[in-house]
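Hi there,

Here is the structure I promised to send over.

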Amino acid sequence: MVFSTIVVTSALKGAIGLVGTGLWLVPLLIAGLSYYRYDQLDPESRPINRYPLYAEYDFVVVGGGSAGAVVASRLSEIPEWNVLLLEAGPDENEISDVPSLAAYLQLTKLDWKYKTEPTGRACLGMKGGRCNWPRGKVLGGSSVLNYMLYVRGNAHDFNHWESLGNPDWGYDEVLHYFKKSEDNRNPYLQRSPYHATGGYLTVQESPWKTPLVVAFVQAGVEIGYENRDINGERQTGFMISQGTIRRGNRCSTAKAFLRPVRLRKNIHTAMNSHVTKIIIDPLTMKAVGVEFVRDDRRQIVRARKEVVLSAGAINSPQILMLSGIGPREHLRHVGIPVIKDLRVGDNLQDHVGMGGLTFLIDKPVAIVQSRFQVTPMTMHYVVNGRGPMTTLGGVEGYAFVNTKYANRSIDYPDVQFHMAPASINSDAGVQVRKVLGLTDEVYNTVYRPIANKDAWTIMPLLLRPKSRGTVRLRSSNPFHSPIINANYFSDPRDIAILIEGAKLAIRVSEAKVFKQFGSRVYRVKLPGCKHLKFGSDAYWECQIRHITMTIYHPVGTAKMGPSTDPTAVVDPRLRVHGIAGLRVIDASIMPTISSGNTNAPVIMIAEKGADLIKQDWL
């Protein structure tokens, strides 16, 4: 018991450092108990933070996130190649293991803590008119911070990519790579031709759910949708969420792809290594190495074959521009010599949703933080891997629905719902208001009066936004955060579709099946929308502009396309146009955003990208 006491104490200290001393008790108990159980039971144990590094590797992968962890793992399957994975952040910790605590990882040292620029069109209920954009600064990247939802997107998305001049990116080709990763543990899907078992990435339902999600799926059926596998033959419909969890714990890409290969001699991982630029030989126009800062020391490592940039849709364009690859005028403006004029940092897309829609209920079946008894709930989770702590960040159900703007003749819904058995009020303002950055006026007026009351929510989100944003350098200093202009609602069609999505969400909430809970919409108006009639199109537009929700899916900033496309940054083999030995393999390369949560498609892109490298070099 002495050993376990020491482990628990050290884990508690780490947890307090991570989330701040004002936090409620659950993470602290989890930190200790989970840590104690984890390093005893985890068969692979933690990745090795390598010292010292070689001066040269065959492949240097920049970013150990959702994509980079996959790429490095797959490249190390070739014993003759040696691979270096550089990650700016540390390893995952015990809190990140617990699915229900996803929100508690935001605004910590595991998060880049980005914010969007104020535009006056969106995020009006947030402090400074800016939305928080969390991004994982940790081994496993945003797969450590996200809500773990496993959604592949729509077949039409990938066929559209192919039609833009990207051969072999159609649905039939990419389905192979979705299945390659997958170890689906839902018994009813194991014989589906759309799913696979035995891959590195575990996908399953949370073992715990509220009766509200069952009602949500039944409500969908009641209004004419099917309860279906939305990752199967057709996407339109309702279902209980599938997520990247294993035995009740988060299954990040670091856990899935790096831990099993940690003892391979040909893969080195360097954490807390902040890449400042890619070194490009201006004579041969070839990427020859990477400059990074580790332990306050500037270091250079050379790449014999390729540098692979997998730093994500914000950091990949930032690193490209710092290296002299980007829009000529912008690079000149910040004083960086131009090596290649490409449209890096353009084409930024994100799924945007309407937050704050709240339905009050009379039965005590929702997630209300004050009701849970910390110690027994934590013990149940740690010992059995079950209970409320296994919920996928709170999102129990999702649906894909058609507004009046959708093309119903094909299976291509335009709005997704996230359903949660909680709302902004459910934690009495402890964490959710912070991660959203809500102003005190909005929280105190609307949500404080119903703090700790049973409630649930549907968040409608726009699947294929027309608006496009940008990522730009703040300066030539690699430690300055980039300028992110999400540019939400610059195209008025986006807000029109979301208004219809809000009305559909209300329709779902009014289904007969919810009557048993006494469910009704909470009608207190937002301070900035008081002059409008609640429930009118104008009111929903106002709410969308005030509680503008990023769904944490930035993509598109290093667009894939043929050399004939002036807006493309990488070719269909993910090689940067005009620069040898350099690829981008992550969410940046999406020409258009996939219809659904983006983590599964990013892992697919990494699987396919690693195969492209193998084809080109073997």
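A disulfide here is a pair of cysteine sulfur atoms within 2.5 Å. Please keep in mind as you read that this is a predicted model.

With that cut-off, the structure holds 2 disulfides. Counting the bonded cysteines along the chain, they pair in the pattern 1-2, 3-4.

Let me start with the link between Cys529 and Cys542, where the S to S distance is 2.1 Å. The angle about its S-S bond is -90 degrees, which makes this link left-handed. What does the pair tie together?

Cys529 has a relative accessible area of 0%, so it is buried. Cys542 comes out at 10% relative accessibility and therefore counts as buried too.

Now to the other disulfide, formed by Cys123 and Cys131. Their sulfur atoms are 2.1 Å apart, and the link is left-handed, with -105 degrees about the S-S bond. Both Cys123 and Cys131 are buried.

One more cysteine for your notes is Cys251: its relative accessibility is 2%, so Cys251 counts as buried.

Best wishes

How values were computed: Residues are numbered from 1 along each chain as its sequence is written. This is a predicted model: local features need pLDDT of at least 70, side-chain atom pairs count only at pLDDT 80 or more; totals for chains, interfaces and linings use all residues. Side-chain values use heavy atoms; hydrogens and water are left out. Buried means under 20% relative accessible area, exposed over 50%, partly exposed in between (1.4 Å probe, protein chains only).
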